[in-house]
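Hi,

Here is the structure I promised to pass on. Have a look at it first, and my notes follow below.

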Amino acid sequence: MNPGMKLIKYLLFLFNLIFSVTGVALIVTGAVVQSFYSQYLDFLGNELLSASMLFIIVGVIIFFVTFFGCCGASKENSCMILTFACLLGIILVCGLAGGIAAYVLRSDVGTIVEMNMRKSMDVYSLSGHEGVTKTWDGLQHEFRCCGVAGFNDWGSIDVMNKVNVPDSCCKTITQHCGENMITAPRPNDTIFTDGCAVKLQESIQSNAGIIAGVGIGVAVIQAVGIFLACFLAQEIRKTYETV
């Protein structure tokens, strides 16, 4: 094997190491986003979590794909190396799709979140909708907010008797602390008055940008790997043809 071919071979090994690290990065990124926002699934819908799930799947597949790259390079098997390059191409497309989907959804997230939040308010605290109630309470406590656009949104909900807000809106949660807050002269002394929709939207958009950046970054690394794999496979074939 000539020195140039040896260099490409070792570069491919190095690439597989880096590629494995990117696989871990994809899994961790997708898992963190998935675990954090899955508790707000009633507001988000499945489509907003699909990009993070795709990243987790691609990250797992990466570990299997690196096997072909390492074995093909060590055995100087052009067939395995080309298989590695093809699989990289497929993963590249999936990674770009996940990144683009996350970026595109940034512009739609506000509409989706607000629509789902307003629908779910109507069934808050009703029997059979305990999951929605828990989601609202968790959101308002975590993001220090109340209602969709503001605390007054709860004034249109019958179960709140037009004057109450959920206790989870309170700065210090105690039983019945949200009673009569709609008509209270200084509600911001007791409850959070800012709406939750904007705060959740900003959080999602920020993380969608991270997902998009990770996807594009991994795609660039994969493009380099495809080039190295194809070049090495071609050089191996030339060597055998010469022999």
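Which residue does a disulfide join to C146? The partner is C169, with an S to S distance of 2.1 Å. Bear in mind that this is a predicted model. Both C146 and C169 sit in the loop between helix 5 and helix 6, so the bond ties together parts that are 23 residues apart in sequence. The link is right-handed, with 80° about the S-S bond, and C146 and C169 are buried.

That bond is one of three disulfides that turn up in a search of the whole structure. Another pairs C145 with C196, sulfur atoms 2.0 Å apart. This one links distant parts of the chain, running from the loop between helix 5 and helix 6 (C145) to helix 6 (C196), 51 residues apart. Its S-S torsion is about 100°, so it is right-handed. C145 and C196 are both buried.

Then there is C170 to C177, at 2.1 Å S to S. With a torsion of about 115°, this disulfide is right-handed too. C170 is buried at 1% relative accessible area, and C177 counts as buried at 11%. Counting bonded cysteines in sequence order, the pairing reads 1-6, 2-3, 4-5. C86, by contrast, is exposed at 52% relative accessibility.

Also worth a look is S168, in the loop between helix 5 (130-143) and helix 6 (196-242). S168 is buried, with 5% relative accessible area. Its side chain makes polar contacts with the side chains of D137 at 2.8 Å and Q140 at 2.7 Å. Residues that S168 touches include Y124, W136, H141 and I173.

Cheers

How values were computed. Residues numbered from 1 in each chain as written. Predicted model: local features only at pLDDT ≥ 70, side-chain atom pairs only at ≥ 80, totals over all residues. Heavy atoms only, no water. Helix = DSSP H or I, 4+ residues; strand = E, 2+ residues; numbered from the N terminus. Buried < 20%, exposed > 50% of the residue type's maximum accessible area, 1.4 Å probe, protein only. Polar contact = N/O pair within 3.5 Å; in protein donor to acceptor, adjacent residues only side chain to side chain. Contact = heavy atoms within 4.5 Å. Disulfide = S-S within 2.5 Å. Lists of a residue's contacts leave out its neighbours within four places in sequence.
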